[in-house]
Amino acid sequence: MKFNLYLLEFALFSLIRKGAKTLFVFLILTFLIFLLASVLFISDAIKHELNVSVAHLPELTLQRLQAGKQVNVPLKRVEPLLEIEGVASVIPRVWGYYYFKVAGVNFSVVGIDAFEQSYKESLQKVVDAYDVKALEKESGMIVGAGVKKILEENYYQDFFNFVTADGKWKRMHIMGSFNADISLQANDMILLPKKSAYEIFGMPENEATDVVVKVSNPEEIPTIVSKINQLYPDMRVVTKEDIRVSYQNIFDYKSGFFLSLFVVSAFTFFMIIYDKLSGLSSEEKREIGILKALGWSMDDILKERFYESFILCFGAFLLALALSMAYVFFWEAPLLRSLFVGYSTLKPSFELPFYFNMPMIVLLFLLSVPVYIGSVMIPSWRAAMLDADEVLR
Amino acid sequence: MIVLKNVCKCYETEAQRIDALRDISLHVKAGECVILKGASGSGKSTILSLIAGLSKPTTGDVVVDGKRISKLMEPFSAHFRRENIGVIFQRYHLIATLSVRDNIALPLIPENLSAQVMEKRVEEVMELCAISHKSSALCRHLSGGEQQRVAIARALVNEPKIIIADEPTANLDAVLSEQFIETMYDLKKSGVTLLIATHDSQFFNLLFVDQQIELKNGVMLS
Ligand SMILES: Nc1ncnc2c1ncn2[C@@H]1O[C@H](COP(=O)(O)OP(=O)(O)OP(=O)(O)O)[C@@H](O)[C@H]1O
Ligand SMILES: [Mg+2]
């Protein structure tokens, strides 16, 4: 059978004819789908980012505890740790937070070393791009994009004066900045030579903040953990899994809020649908009766209805999708993001990574378009089933 | 052409049972003009909707042009209507927000004709009903007489063998009613079968009327 273009034309035209009503439904649909899509996009992007950053974490992080507090680890423990079977490398880290009073922001300061492998691949990439020796000589540092922005806002274009632990000024020159692919943590990070880090933190140079242990075979982690515990009973071993779980907890807590937002908008949507399902206006019924009497079959009427609702709803879906993508990934989701990203306790902003999740979009589509079309078709079908003798009376 | 055999139609609502038609039998030959008359509620519209296949008799048979309409199901009944029947409704039932041209083209949409054929047919009936000059006006802006001419044009556009008109002059003044009757006469001369339900006395002593059927409470009097 040939496709009936006149029916499609009639459907389009009847949307235009209904003017205000069409516009109203279109806007409501667009707004609701937009809200749903935005929430899903944000939570998905963050979940994705968490997964990526957890994947890059070292298998084991060792902290030394004294009286229940975390204290520095003596560097002389590195050698014995290396001797444990299955341990591939032991990297002492020097890092901490530096509070920048003027902006009220914490920076993560991380010491780097020319001869030492970094504990993270992404960090290694940044370090490789610079000459660490030169950094040491010229007291230089490399800063994350978020840090750079904040420093510039406070008129630190090419250097920054740290206040060291003993109250002296320590001027560090900004030699470069980076946008690491794991923006969640890299954004507030400052990389500088280990020597300078010791100075700023006022730490003795024979100690490290903590120790990262790489393992050649993940299966051996439990045995290695127990060996470390035997060797140094005062050391706490944090595994990647522990970190993943705690991230997940914070995230789940935050996403609870979003879930309720999601539920509310879904609820509103279904209310509208319910309202539509509960019946056609007498005007609409009359029109169906007229068309039937003029020789339209039920098929023709339902097809026309289908085109009408599909055009309306699919149009709203596409517009909402485009809007929410722009909102989340281009404008960085103002309003909603602050609720979501709060967990990072960092003020430096981070960018929501663009992450396109096809199954999620399919889900969104299925939740909106067929549901709406159904809500139009079912009452129309009911009306078209009835005898159309009412128009003749 | 049109045969009703012992037709009964009753509507059952929760409260009561209404016998709208009781044992109606009639016979209309091709090209005849038949007037259905009777008081309000006597069942005139019900007979018309049975003949148009818009509803089914409770018992009995309706045969139009050799087809048993009373047993015809969707989508065949729609198809039958499209091929054979043109309907002029009591209140015209034009779609107010569509233009004259679009209203007239409505019965042709399911046919999926080529644009030229469609245009030609619409032009022809607009010419015939003297409404061409208003072809792109919205129907809600038309006068009563103009609306009626659009309704007639729409009933004629699919070139039906049978025209069914339900109280076509109820909302018209004497002059316009006269005009309508003349149009009907022209149609009859061209061989169309006419069924007109009315209680307008202007129709009762027309020379070209072949049968007058009077109904009372769903029963045929003559
Ligand atoms: N769908 C329906 N449900 C219940 N009763 C109905 C229905 N349709 C028609 N009737 C009843 O059937 C009877 C005949 O109605 P019909 O419309 O044929 O009358 P009519 O002769 O056309 O009257 P009028 O001149 O007022 O148009 C009336 O009593 C009406 O109340
Ligand atoms: Mg009537």
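**The site around ligand 1**

Modeller: α1(B) gives the most to the shell around ligand 1, with three residues. A residue belongs to that shell if one of its heavy atoms lies within 4 Å of the ligand. The element names come from DSSP runs, with helices being H or I over at least four residues and strands being E over at least two, numbered from the N terminus. Before going on, some bookkeeping: residues are numbered from 1 along each chain as its sequence is written, while chains are lettered from A and ligands numbered from 1 in the order in which they are written. This is a predicted model, so to speak about local features we need pLDDT of at least 70, and side-chain atom pairs count only at pLDDT 80 or more, whereas totals for chains, interfaces and linings use all residues; side-chain values use heavy atoms, with hydrogens and water left out.

Of the 14 residues around the ligand, Ser40(B), Gly41(B), Lys44(B), Ser45(B) and Thr46(B) come nearest. Both chains A and B contribute to the surroundings, so the site is shared between them. By class, the shell has four nonpolar, seven polar and three charged residues. Here Ala, Val, Leu, Ile, Met, Phe, Trp, Tyr, Cys and Pro count as nonpolar, Asp, Glu, Lys and Arg as charged, and the others, Gly among them, as polar.

Now the atoms. The side chain of Ser40(B) puts an N or O atom 2.5 Å from an oxygen of ligand 1. Thr46(B) also has a polar side-chain atom 2.5 Å from a ligand oxygen. With Gly41(B) it is a polar backbone atom, 2.8 Å from an oxygen of ligand 1. On its own, ligand 1 exposes 630 Å², and the protein buries 76% of that (accessible areas are from the Shrake-Rupley method with a 1.4 Å probe; for residues, only the protein chains shown count as cover). Two elements give two or more residues to the shell: β2 (17–28) and α1 of chain B.

Contact, meaning heavy atoms within 4.5 Å, takes in 33 residues from chain B and 27 residues from chain A. About 2,700 Å² is buried between them, 60% of it from carbon and sulfur atoms; that is accessible area (1.4 Å probe) lost on putting the two parts together, summed over both.

One salt bridge turns up across this interface, the rule being a side-chain nitrogen of Lys or Arg within 4 Å of a carboxyl oxygen of Asp or Glu. The partners are Arg82(B) and Asp300(A), whose closest N and O atoms are 3.7 Å apart. On the chain B side, β1 (2–12), α1 (44–51), α2 (76–84) and α4 (115–128) each supply at least two of the residues touching chain A. That side of chain B has 17 nonpolar, eight polar and eight charged residues.

One last thing in chain B: a cis peptide bond joins Glu74(B) and Pro75(B), with omega about -5°. Pro75(B) sits in the loop between β5 (67–68) and α2 of chain B.

Definitions and conventions
Polar contact = N/O pair within 3.5 Å; in protein donor to acceptor, adjacent residues only side chain to side chain.
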